[in-house]
Amino acid sequence: MSIAARDMMGGLAKGLAVIESFGAERPRQSIAEVSAASGLDRATARRCLLTLAQLGYADYDGKFFTLTPRVLRLGTACLATMPLPQLVQPWLDRLSEELGESSSVSILDGDEIVYVARAAQRKVMSIALMPGSRLPAFCTSMGRVLLAALPEPEARARLTAHPLLPRTPLTVTDPEALMQRLAEVRAQGHAVIDQEVELGLRSLAVPLIDAHGRVVAAVNLGLPAVAGETADLAERYLPRLKALQAELRGVLR
């Protein structure tokens, strides 16, 4: 749905841009840093930050701003209206308990994946992942599964919209190489990532498909890199993920 510019609230849009500039890699920012990350001028960023602080959505120590737990109200309200997290959580819990590995479900939002459900058996990343956490789609197993489900022109547009920054020395950042990886994912129905998000972490993902045949999300297993060779991951864990995929297809609408 297209909305006319005259019907939009510019102040709200700017405030949301400021909130979105914070993340796991930028949890504590100065006004100048928020200005650069959000694309807003310094004065506008300052007013937005001070407003958030006054309303309890941010803390300010005189130089740096951090978001407060009050911001979680916004995400919690969204997740509460989404049936997917509540629906998949019991399956994730069972899968993780059975395999002794952490599992997650995410959806695609622009060029990022957003975690909507998670069952953690052990910590496999240095950052804490939880519902609402975001990671780049291009270098994650769930992201590649979701990008592969898009029409090729749309997938390419998302890969070329912004510079792709490497997270480790193993991260693939060339758009053409990534399009080839997506073609392989599309053909085989799953994605394997070997330490492209974080050194020491591998992951295996498959799409979650609803009863109408649409890819609505992705599910993965996060595994330490010491757990066998990369080539062994699909052989060892893919049958269980495929079984989960089939089970959920019958209930996703």
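Two strands count as paired if DSSP finds at least two bridges between them, and helices (H or I, at least four residues) and strands (E, at least two) are DSSP runs numbered from the N terminus. The views below come from a predicted model, in which local features need pLDDT of at least 70 and side-chain atom pairs count only at pLDDT 80 or more, while totals for chains, interfaces and linings use all residues. Residues are numbered from 1 along each chain as its sequence is written, and side-chain values use heavy atoms, with hydrogens and water left out.

**View A. The hairpin of strand 7 and strand 8.** Strand 7 (residues 191–194) pairs with strand 8 (residues 201–209) in the antiparallel sense over 4 bridges, and Ile193 stands opposite Ser203 of strand 8. The two strands form a hairpin with 6 residues between them. Strand 7 has a covered face, made of Ala191 and Ile193, and an uncovered one, made of Val192 and Asp194. In a regular strand the side chains alternate between the two faces of the sheet.

**View B. Gln195 in the loop between strand 7 and strand 8.** Most residues other than glycine have a negative phi. Gln195, in the loop between strand 7 and strand 8, has a positive phi near 60 degrees although the residue is not glycine. Gln195 is buried (under 20% relative accessible area, against over 50% for exposed and partly exposed in between, with a 1.4 Å probe and protein chains only), its own relative accessible area being 17%.

**View D. Helix 5 against helix 9.** Helix 5 (residues 83–99) and helix 9 (residues 230–249) pack at an angle of about 160 degrees, with their axes 11 Å apart, where axes are lines fitted to C-alpha atoms, for helices over the stretch in contact, and angles run from 0 to 180 degrees between N-to-C directions. That makes helix 5 roughly antiparallel to helix 9 (angles under 35 degrees count as roughly parallel, over 145 as roughly antiparallel, 65 to 115 as roughly perpendicular and the rest as oblique). The contact residues include Leu87, Trp91 and Leu95 of helix 5 and Tyr237, Leu241 and Leu244 of helix 9. By class, this contact has 9 nonpolar, no polar and 4 charged residues, where Ala, Val, Leu, Ile, Met, Phe, Trp, Tyr, Cys and Pro count as nonpolar, Asp, Glu, Lys and Arg as charged, and the others, Gly among them, as polar.

**View E. Helix 2 across helix 3.** The axes of helix 2 (residues 31–38) and helix 3 (residues 42–54) come within 9 Å and cross at roughly 110 degrees, which makes helix 2 roughly perpendicular to helix 3. Ile31, Ala32, Val34 and Ser35 in helix 2 meet Arg42, Ala45, Arg46 and Leu49 in helix 3.

How values were computed. Contact = heavy atoms within 4.5 Å.
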